[in-house]
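Dear colleague,

I am handing over the structure below, which is a predicted model. My notes on what was found in it follow directly after it.

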Amino acid sequence: MTTPAGLSSAVLRLDRPVGAQRLPARGEALVRFVDAATQAPFAERLAPGVLDATERRRADRFVRPQDRGSYLVAHVTLRLLLGALLDTAPRDLVMTRDACPECGGPDGRPVLVGGRAHFSLSHSRDAVFVACASTPVGVDVEALPAPRVVAQSEDFFHPDESAELAALPEAGRPAAFARLWARKEAHLKGTGAGLGHGGHRTYLGTGPAAGSVHPPHWSLADLPAPEGYAAALALRAPSAHWH
């Protein structure tokens, strides 16, 4: 898997030990893709010794096996990677949430207590992405949606983005929609806001090149993803002051 400059990306297998890792330099991100369809059995085996009680309870609430599997793979992968980066037992990592930068509520971006690294994770069906960095980071993966989903979601986007989607041939809209949604989610995860807070304010574009349009103080890149998915990563610029 290749990525734009400044990103390091690879497929991760949970049936193999995670070796020593280097915390990415400022301005870089470490990205891992995991196929939950093949790795879910290993995540199930590792989860009791890796996840905290809250994560295990949440995993137990999933009804569909595919949803449970992708959740376990994402969270086990994240803890294994952070543990290797920080030379810490994965289960000893303590995570919490920042306040939302838009409303001040307790549902902002997830953070590591101690602030030694920043991270983000995303899972959609069997595709899992995890990102770690020295500055705030957001990653997202989206399965291509059904046409009715595209038609019902224009209120989440900038008016120019909605116009771009409407101008595309119907057959091309799902891919452009997934690409745009992944970019929006990646950026808003990085800032700690959700789609309900400002997804329509910032123009990120539906075109095939994410690097040409990015929010102030952030870099934005589309990530290679399996067929039927779109993925993106947003990384806070090292020189930008973070509140």
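On one side of the contact between helices α2 and α3 are Glu55, Arg58, Ala59 and Asp60 of α2, and these meet Arg68, Tyr71, Leu72, His75 and Arg79 of α3. As for the helices themselves, α2 covers residues 53–60 and α3 covers residues 65–86, and they pack at an angle of about 165° with their axes 9 Å apart. Because angles over 145 degrees count as roughly antiparallel, α2 and α3 are described in that way relative to each other. The crossing that α2 makes as it passes α3 is left-handed.

The other part I looked at is an open sheet of 3 strands, in which the order is β7-β9-β8 and the pairing is antiparallel. The edges are taken by β7 (137–143) and β8 (218–223), each of which has a single partner strand, so that one side of each is left without a neighbour in the sheet. If direction is ignored, neighbouring strands of this sheet are turned against each other by 15° on average.

Within the sheet, β7 and strand β9 (residues 229–236) run antiparallel and are joined by 7 bridges, and Gly138 stands opposite Ala234 in β9. Finally, helix α6, made up of residues 173–191, lies across β7, β8 and β9, and its direction is at about 150° to that of β7.

Terms used:
Residues are numbered from 1 along each chain as its sequence is written. This is a predicted model: local features need pLDDT of at least 70, side-chain atom pairs count only at pLDDT 80 or more; totals for chains, interfaces and linings use all residues. Side-chain values use heavy atoms; hydrogens and water are left out. Axes are lines fitted to C-alpha atoms, for helices over the stretch in contact, and angles run from 0 to 180 degrees between N-to-C directions. Helices (H or I, at least four residues) and strands (E, at least two) are DSSP runs, numbered from the N terminus. Angles under 35 degrees count as roughly parallel, over 145 as roughly antiparallel, 65 to 115 as roughly perpendicular and the rest as oblique. A crossing is left-handed if the near helix is turned anticlockwise from the far one by less than a right angle, and right-handed if clockwise. Contact means heavy atoms within 4.5 Å. Two strands pair if DSSP finds at least two bridges between them.
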